[in-house]
Amino acid sequence: MADRKVISGAVRTLEEVGAKARVFISMPAIKGITPRVLLNHPASERATTRAPLARVHGIFAIDEIGVSCIDHAPLYGDACFEGIIIRNGIVFLYKEHMDRLWKSAEGLRIEIPYSKQELSWHVVRTIQATGFKKKETGYIRLVVTRGIGDLGLNPNKCVGATVYAIVSTITLFPKEAYRRGIALGLSRKIRRPGSSTLDPRVKSNNYLNNLLGLLEGTNNLQLFECLMLTAEGNIAEGTVDNIFCVVKEKGYRTRPSKVRILTPVGDYCLNGLTRASIMTFAARMGYKVEEVPDLMPIDLLGPGRECFMAGTAAGIMPVVEVCGNPVGDGTPGEVTKKLLGEIEQAMADRRYGLSSAATKSEVYRYIKSSKSPIRI
Ligand SMILES: Cc1ncc(COP(=O)(O)O)c(C=O)c1O
């Protein structure tokens with residue numbers, strides 16, 4: 001039975017989100033199927049896209065609109081998404097998120113009915129509709145689903161993707177956890193599959209494997225996060241973030257090359273943008289960065305080690321304990337803190353993203369520019 005206190009906390013958060021968040025939503029116009037509010041609402045517009053069917057889209061409050069109950073996302077998890085952070089009025093690594101979204105959609109063979117520029121302008125319009133202040137941290141959940149279609153898994157029943165972008169906030173872990181670091185559990189039974197089951201590089205809406213891993217590995221949510229392993233027992237990643245292990249060899253304080261930054265190879269984890277940022281910054285700082293195929297939980301432990309999780313919503317989370325054993329001296333490590341400082345700096349730097357106050361032509365120009373400040 002769910003705890004009353006937990007539920008009332010969740011309700012309070014939802015009410016705050018409801019008061020502030022806005023959602024851009026777009027779907028084909030099908031009589032008797034497409035929510036009438038989307039067809040008739042004054043905020044609805046006919047979308048001009050290259051898709052064969054007429055579409056409607058608009059920006060709404062969350063309680064004004066919903067995804068159709070016969071969209072194949074709620075029916076089958078047939079969708080992909082991005083989670084994007086807005087800090088200091090900058091949508092961090094926005095272009096890189098769009099590129100990954102397009103690759104995920106390609107992997108699922110879902111056609112996105114907008115160009116990257118068109119969709120990005122709608123996302124920016126939605127951010128501007130929320131009225132978030134520059135100093136507030138915002139979060140965008142951008143989702144592309146297979147779309148509305150009759151019951152049955154076959155995608156040919158669907159008439160075109162539903163696209164939506166919720167602009168809101170997100171708090172994965174309490175503030176205190178970032179200061180103290182967290183204890184990680186381990187999911188032993190539920191493993192992270194490779195690309196022959198579900199390509200981890202496709203950021204799909206199917207998170208059941210991760211969810212079951214989280215429930216098992218945190219002993220029913222007694223911890224915040226846990227490690228997920230590959231079938232062979234090597235570390236894959238966390239349930240919503242990538243993992244890094246720091247190995248500090250003698251003399252590391254004066255010679256950065258004595259610091260090794262290890263992370264699992266990309267075969268069993270999401271190609272995380274925070275992961276790519278950390279690898280870029282760490283190499284620039286003179287640390288040795290290595291993607292390793294056989295990182296084991298025991299490798300994270302003991303003196304001279306640091307460990308942290310990395311993700312857009314999770315941020316950089318120091319890990320101070322794994323399965324009850326201390327990492328390093330059991331407090332957040334100095335290399336972890338330095339890397340966190342680099343990410344924080346990048347998030348305040350216009351070169352790392354798109355201004356949330358951008359005009360349409362600025363958005364179009366930004367998306368067209370090809371160079372990324374991180375190595376992907
Ligand atoms: C399974 C998983 N791994 C890693 C990440 C981190 O990726 P990113 O840094 O791009 O947010 C996420 C983020 O959603 C995730 O869900």
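Strand S15 (residues 315-322) is mostly covered, with seven of its eight residues buried. A residue is called buried if 20 or more other C-beta atoms lie within 10 Å of its own, exposed if 12 or fewer do, and partly exposed in between, with the C-beta atoms placed from the backbone. Strands (E, at least two residues) and helices (H or I, at least four) are DSSP runs numbered from the N terminus. The model is predicted: local features need pLDDT of at least 70 and side-chain atom pairs count only at pLDDT 80 or more, while totals for chains, interfaces and linings use all residues. Residue numbers start from 1 along each chain as its sequence is written.

S15 pairs with several strands, where pairing requires that DSSP finds at least two bridges between two strands. Strand S8 (residues 182-187) runs parallel to S15 and is joined to it by three bridges. In this pair, Ala-183 has Glu-321 of S15 as its bridge partner. Strand S14 (residues 305-311) runs antiparallel to S15, and five bridges join the two. Cys-307 stands opposite Val-319 in S15. S14 and S15 form a hairpin, with three residues between them. Strand S16 (residues 325-326) also pairs with S15, in the antiparallel sense and over two bridges. Here Val-322 has Asn-325 of S16 as its bridge partner. The hairpin of S15 and S16 has two residues between the strands, and Cys-323 takes a positive phi near 50° in it.

The protein chain is divided into domain 1 (4-168) and domain 2 (175-332), with bounds that come from an automatic or database domain assignment. The centres of the two domains, taken over C-alpha atoms, are separated by 30 Å. In domain 1, 18 residues are in contact with nine residues of domain 2; contact means that the C-beta atoms of two residues, placed from the backbone, lie within 7 Å. Strand S4 (79-87), helix H4 (94-108) and strand S6 (138-145) each give two or more residues to the side of domain 1 that touches domain 2. The largest share of this side, seven residues, comes from S4.

The largest nonpolar core has 54 residues, of which Val-23, Val-144 and Ala-165 touch the most other members. Such a core is a set of buried Ala, Val, Leu, Ile, Met, Phe, Trp, Tyr and Cys residues joined through C-beta atoms within 7 Å. S4 gives the most to this core, with six residues. Not counting residues up to four places away in sequence, Val-144 touches Ala-79, Cys-80, Leu-101, Ala-105, Ile-110, Ile-112, Ala-161 and Val-163. A second, separate core of 42 residues includes Leu-214, Leu-262, Phe-281 and Val-319. Val-319 is also the S15 residue that stands opposite Cys-307.

Around the ligand there are 14 residues, and Leu-270, Gly-272, Thr-274, Gly-311 and Thr-312 come nearest. A residue is counted as near a molecule if its C-beta atom, placed from the backbone, lies within 6 Å of it. Helix H8 (residues 273-284) provides the largest share of this shell, three residues.

Cys-269 is found in the loop between strand S12 (259-264) and H8. Cys-269 is buried because 23 other C-beta atoms lie within 10 Å. Leaving aside neighbours within four places in sequence, Cys-269 is in contact with Pro-200, Ala-236, Glu-237, Asn-242 and Pro-264. Met-228 and Cys-269 are 41 residues apart in sequence, and their C-alpha atoms are 9.5 Å apart in space.
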